Structures are given as C-alpha cells and as structure tokens.
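Subject: Structure handover

Hello,

Here is the structure you were waiting for. My notes on what was found in it come after it.

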Amino acid sequence: MNKHIFVATDGSDTAMRAVDLAAEIAAAFDVPLTIGHVLQHGKPVDELSRMAEVEHLVEHVHKKSDIQWDNIPGGMGDLFVGHRPSQDVVRIVTMIGDEIVSRASDRAKELGVKTVDTTTGDGDYADEILDMAERAGADMIVLGNRGLGRLRRALLGSVSQKVNQNAECTVVTVR
Ligand SMILES: Nc1ncnc2c1ncn2[C@@H]1O[C@H](COP(=O)(O)OP(=O)(O)O)[C@@H](O)[C@H]1O
Ligand SMILES: [Mg+2]
C-alpha cells in the first residue's frame, strides 16, 4: 500500500494525464498527494510554447503581476524574445510554475483527493523531482513518458529516463 504519492508536471498534456492518474490512485487509496514542478528557466522558447494552455497562463500571469507590459504578449515566444529584462522573465517563469501546480492541485481535488500539497523547485529537472519526492516522503512517483520536448523518436524523455533510473521508490510512467 502506498503512503504518499508524488506527481511531477511540466504543464504538458502527458504530464496532466500523469496528474489525473496519480489523483485517481490517491483518491482510491485515500493517501496524500504532492504535486511538484521544477521551474523551467532553461527551457528553449519553442519547448515552453508547447505547454498546454500556455496562452491562458500568460494572460492570467499578466493580470496578476505588476510587471509593466505594453501589450499582452501574443504568446510564450514573444515573452522571452526582445528586450524584456531578465528579472521579469524569471518572475514570469516562476508565476507560470505556480499556476501549473495550482491548476493541477484543483484538478486533483476535483478527482477526490483529500490531502493535496504543491511544491516547486529549481535546478536539474530529474534531480529536483527525486529530491522533492523524497522530501514529501513519497513511496511512489508518477510522471509522463514525454513532456514538452520534441524528440519523438525517443520512447522516454530524458527527465523520465533519469527519474526511472535513479528513483529508489516505485515509478509509474504514464503513456
Ligand atoms: N520541469 C519539470 N517539472 C516537473 N516535472 C517534469 C519537468 N520536466 C519533465 N517532467 C516530468 O517528466 C515527464 C517526461 O518529460 P521529459 O522526460 O522532459 O520528456 P520530453 O523530452 O518529451 O520533454 C513529464 O511528463 C513530467 O511528468
Ligand atoms: Mg522535457
């Protein structure tokens, strides 16, 4: 029996399915769920722009923040090009990360999970996922086989591979 489930999301569709599965298991066995996201500061723009609902996230973050934007950017691409000060970019990535976990948390509660916790980290994606899961006391990690990357030839993305290889607990990989 699992005592605590940890799910990792990068905001991709596959990761959202991982959130759904993790939430269904947590609800069925009545165990707590922690949702973790590693801030994607180092991501290429085209990868970030594949994030599910990214335009909505950008608009939402724009409304919530006091960052001075002349216009709401047309998309994630516009957000990171041009002469925007890098401090703003850091804040935007952070706010988008907060929004990703907060939406995943709402979804998990909708699916009947009673205890949902969220956390964000910074650094190497896989290392952080493993650390966050350990800190949460998770004995199962759920994640997607693919994320925002585009190397379609690979069956597993690099984050997925590294977590599967290095985790000490059970890893469930959603396809
Ligand atoms: N920055 C991140 N924060 C949290 N989870 C992540 C992050 N990046 C990837 N993941 C998890 O790992 C899964 C696989 O992603 P990844 O290995 O990066 O594949 P890809 O190469 O297709 O992007 C995702 O579905 C998600 O569950
Ligand atoms: Mg990826």
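A polar contact, as used below, is a pair of N or O atoms within 3.5 Å; within protein, one must be able to donate a hydrogen and the other to accept it, and residues adjacent in sequence count only if both atoms are side-chain atoms. A backbone N or O atom of Leu-148 is 3.2 Å from an oxygen atom of ligand 1. On the nitrogen side, a polar backbone atom of Val-38 lies 2.9 Å from a nitrogen atom of the ligand. On its own, ligand 1 has 550 Å² of accessible area (Shrake-Rupley method, 1.4 Å probe; for residues, only the protein chains shown count as cover), and the protein covers 97% of that. There are 21 residues around ligand 1 (a heavy atom within 4 Å), and Ala-8, Arg-146, Gly-147, Gly-149 and Val-159 come nearest.

This is a predicted model, in which local features need pLDDT of at least 70 and side-chain atom pairs count only at pLDDT 80 or more, while totals for chains, interfaces and linings use all residues. Residues are numbered from 1 along each chain as its sequence is written, chains are lettered from A and ligands numbered from 1 in the order in which they are written, and side-chain values use heavy atoms, with hydrogens and water left out.

The chain has 7 helices and 5 strands, taken as DSSP runs numbered from the N terminus (helices H or I, at least four residues; strands E, at least two). Their order from the N terminus is β-α-β-α-α-α-α-β-α-β-α-β. Of the 175 residues, 47% are buried, meaning under 20% relative accessible area (1.4 Å probe, protein chains only).

Val-38 belongs to strand 2, where it points one way with Thr-34 and Gly-36, while Leu-33, Ile-35 and His-37 point the other way. Strand 2 (residues 33-38) is largely enclosed by the rest of the structure, because 6 of its 6 residues are buried. Strands count as paired if DSSP finds at least two bridges between them. Strand 2 is joined by 6 bridges to strand 3 (residues 116-121), and the two run parallel; Val-38 has Gly-121 as its bridge partner there. Strand 1 (residues 5-8) also pairs with strand 2 in the parallel sense, over 4 bridges, with Val-7 partnered by Ile-35.

Regards

Notes:
Buried means under 20% relative accessible area, exposed over 50%, partly exposed in between (1.4 Å probe, protein chains only).
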